[in-house]
Amino acid sequence: MGRPLGSKNKVMTLAALKQIEAETRSLAQEPVEKDLSKETDDEIMARLGQRFEILEDMTRAVKKGDVRAMIVSGPPGVGKSFGVEKVLSKHDVFADVANDSKLKKYEIVKGAMSAIGLYSKLYEYSDKKCILVFDDCDSVLLDDLSLNILKAALDSSKKRTIHWNTDSRLLRSEGVPNSFEFKGGAIFITNIKFDNVRSKKLRDHLEALESRCHYLDLTIDTEREKLLRIRQVVRDAGMLDDYELTDFQKAEVVDFIADNSKRMRELSLRMVLKVADIRKSMPNNWRAVVEVTCMRNR
Ligand SMILES: Nc1ncnc2c1ncn2[C@@H]1O[C@H](COP(=O)(O)OP(=O)(O)OP(=O)(O)O)[C@@H](O)[C@H]1O
Ligand SMILES: [Mg+2]
């Protein structure tokens, strides 16, 4: 191990968190106004469909233990968490019947996490049957100490030992040793597009993590791609099927969002659900209500 870990960060301060939040926002995927690609709508849909299939395939591979770690990057509300959770939560009947030792236990970690919190969480999930999913938990990607811990946890060497070289009462009280071998898997879900990171220091850091993980960019950057993803999920995955809406009404919801795409507060599947909620509960004036609650002022 290089430098000792654990000299700071017992509890992340509010100021540190605020800075991470601000950095995350500026690193997050910014909408690309101009779409210069020559791809047809069908080609874009095929590309997006394939990327989401790969998201599920890779999650399955982590679940099986064939892949150690993966980073998934994409804008908010396009189905990243949904895809990963769908695979992880699926009850593996065959593995159960065979009492397969590869059956995994997983936890989804959301929000902020200090470096020491990360260290003990990795310890808790250090078994080869475990997976940790860091979902929108960008503080672990932007904090030096946390990144060093992750680099050790996901190293490509046979034995991945993590050290916490500073005495810690917290770790002692929880029975967490000062070093341990991490054999689990990890999935990072984030809005940060690694290729767009401008700060050299941060980019070097993230590259070191990326080098240890499979990196999947869902490539939904433009307004057009977001709208096509929306159409795809409503059409192929039946996202609005639980709503008591006719096919015509469902099409109205999607078309309304497409027609007003420039003014929608967000172009995402989540926005489709919001508009569908309003379409269903206020059938007579849903457009006016959507305009007030989901759209920017002119
Ligand atoms: N294939 C799908 N079928 C049905 N519903 C879906 C599908 N994909 C996503 N959704 C729904 O769309 C909403 C947004 O999806 P999700 O939370 O996975 O987005 P996300 O990309 O993780 O966003 P964020 O970056 O903000 O966390 C959720 O309510 C989810 O249930
Ligand atoms: Mg999510």
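**Around the ligand**

Me: Which residues come nearest to ligand 1?
Reply: This is a predicted model, so keep that in mind. The shell around ligand 1 holds 16 residues, and P76, G79, K80, S81 and F82 come nearest. As for elements, α3 (80-89) and α12 (269-281) are the ones that give two or more residues to that shell.

Me: How many of the shell residues are nonpolar, polar or charged?
Reply: Sorted by class, you get 8 nonpolar, 5 polar and 3 charged residues around ligand 1.

Me: Which domains does the shell around ligand 1 draw on?
Reply: Domain 1 (37-217) and domain 2 (223-294) each supply at least three residues.

Me: Now helices. How do I read a packed pair?
Reply: Two packed helices are described by the angle between their axes and the distance between the axes. Here, take α2 (residues 41-64) and α10 (residues 223-236): they pack at about 70 degrees, with axes 10 Å apart. Angles of 65 to 115 degrees count as roughly perpendicular, so α2 is roughly perpendicular to α10.

Me: Which residues meet where α2 packs on α10?
Reply: From α2 come D41, I44, M45, L48 and G49, and they meet E225, L228, R229 and Q232 of α10. That contact divides into 4 nonpolar, 2 polar and 3 charged residues.

Me: And the chain as a whole: how many helices and strands are there?
Reply: Count 13 helices and 7 strands. The chain has 298 residues, of which 32% count as buried. Among contacts between residues at least 6 apart in sequence, 78% join residues at least 24 apart.

Technical notes. Residues numbered from 1 in each chain as written. Chains lettered and ligands numbered in written order. Predicted model: local features only at pLDDT ≥ 70, side-chain atom pairs only at ≥ 80, totals over all residues. Near = placed C-beta within 6 Å. Helix = DSSP H or I, 4+ residues; strand = E, 2+ residues; numbered from the N terminus. Nonpolar A, V, L, I, M, F, W, Y, C, P; charged D, E, K, R; others polar. Domains from an automatic or database assignment. Axes fitted to C-alpha atoms, helices over the stretch in contact; angles between N-to-C directions. Parallel < 35°, antiparallel > 145°, perpendicular 65-115°, else oblique. Contact = placed C-beta atoms within 7 Å. Buried ≥ 20, exposed ≤ 12 C-beta atoms within 10 Å, placed from the backbone.
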